[in-house]
Amino acid sequence: MSVLEVRDLSVTFTTPSGVARAVDEVAFSLDAGETLALVGESGSGKTMTALAVLGLVPPPGRVGSSSQVRYQDRNLLGGSEAAWRAVRGAEIAIVFQEPTTSLNPVLTIGTQITETIHAHERVTKAAARARAAELLQRVGIADPTHRLDSYPHQLSGGMRQRAMIAMALACRPTVLIADEPTTALDVTVQAQILELLAALKAELGMAMLLITHNLGLAAGVADRVAVMYGGRIVESADTDALFHQPVHPYTAGLLRAAPRLEGPARPQTVIPGAVPPATAWPTGCRFHPRCAFAWERCAADEPPTLSPAPGRTARCWLVEEPDRRRA
């Protein structure tokens with residue numbers, strides 16, 4: 001059963017260069033206990049999608065009038081700020097990309113966790129502090145009672161990320177959004193954070209939306225993967241199916257570009273070109289200027305969301321004309 005369903009989500013910004021369509025007709029669902037990874041290059045719209053789901057699109061951004069974010073069968077978009085505050089943190093929580101800039105440098109870790117609890121529950125200060133210490137212990141921070149009185153600068157990068165996770169879990173949310181949760185961490189701490197998120201998700205029965213550009217991370221923890229490019233989801237499938245048999249040339253390019261440790265040494269493969277600005281998406285398929293399989297139809301007509309197999313989708317004309325892939 002879906003606990004979160006996003007329909008026709010669009011986010012635009014008016015800029016001196018024109019209207020930027022940062023997120024365009026994005027749709028996905030998230031079931032209870034499931035992990036969905038949203039992957040793609042920087043500038044593809046991943047983080048803006050996450051912010052829109054939480055009603056945190058910064059001004060002058062505008063969410064499309066037909067957009068819907070349905071949580072447990074109610075549309076959150078269009079609600080009052082008070083309604084949003086009742087949901088954020090309590091039912092849908094987020095671990096932001098960079099804890100150094102997300103944590104308040106002049107407040108202790110304990111103060112920041114307990115204020116989240118007090119915002120949603122009527123508990124005493126002692127009870128909130130006791131829960132905060134329990135949360136720090138649960139996320140693997142030693143001597144949690146002492147650490148409650150530490151400021152963010154007194155913690156290592158890995159400890160700050162764990163404190164952010166503890167804050168997100170403070171009110172036992174149903175959905176956790178993790179936006180690049182291992183950025184700037186060394187590989188050992190990355191593995192620890194991923195193991196922690198997987199264990200907590202299983203323990204608490206949460207659904208998780210993982211935002212990442214790291215395909216290895218997505219392969220290790222996600223049940224399904226949605227690939228974003230040009231503000232749109234261009235392919236989605238179960239993790240195994242997507243990694244073993246990608247349909248969209250962009251997905252295949254991302255997989256070829258991923259570093260590999262096994263096998264003989266080989267030159268690093270890259271996708272030519274770069275993601276264009278959101279004010280100037282190409283006509284037709286937005287990936288066609290960088291695609292080795294593009295032909296006239298790709299430049300002229302934008303492909304709809306097609307279904308090459310049960311349980312997967314792709315925005316690519318190769319679904320209808322697969323022989324061109326072998327040409």
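Mentor: Ala-27 counts as partly exposed, because its relative accessibility is 46%. Partly exposed is the range between buried, under 20% relative accessible area, and exposed, over 50% (1.4 Å probe, protein chains only). This is a predicted model: local features need pLDDT of at least 70, side-chain atom pairs count only at pLDDT 80 or more, and totals for chains, interfaces and linings use all residues. Residues are numbered from 1 along each chain as its sequence is written, and side-chain values use heavy atoms, with hydrogens and water left out.
Trainee: Which strand does Ala-27 lie in?
Mentor: Strand 2, residues 18–31. Strands (E, at least two residues) and helices (H or I, at least four) are DSSP runs, numbered from the N terminus.
Trainee: What does Ala-27 touch?
Mentor: Val-6, Arg-7, Asp-8 and Ile-233, leaving out residues up to four places away in sequence. Contact means heavy atoms within 4.5 Å. Val-6 is 21 residues from Ala-27 in sequence, yet 5.0 Å away in space, C-alpha to C-alpha.
Trainee: New topic. Which residues of helix 5 are buried?
Mentor: Ala-128, Arg-131, Ala-132, Ala-133, Leu-135 and Leu-136.
Trainee: What do the buried residues pack against?
Mentor: Helix 4, helix 6 (144–147) and helix 7.
Trainee: And what follows helix 5?
Mentor: Gly-140, with a positive phi near 90 degrees.
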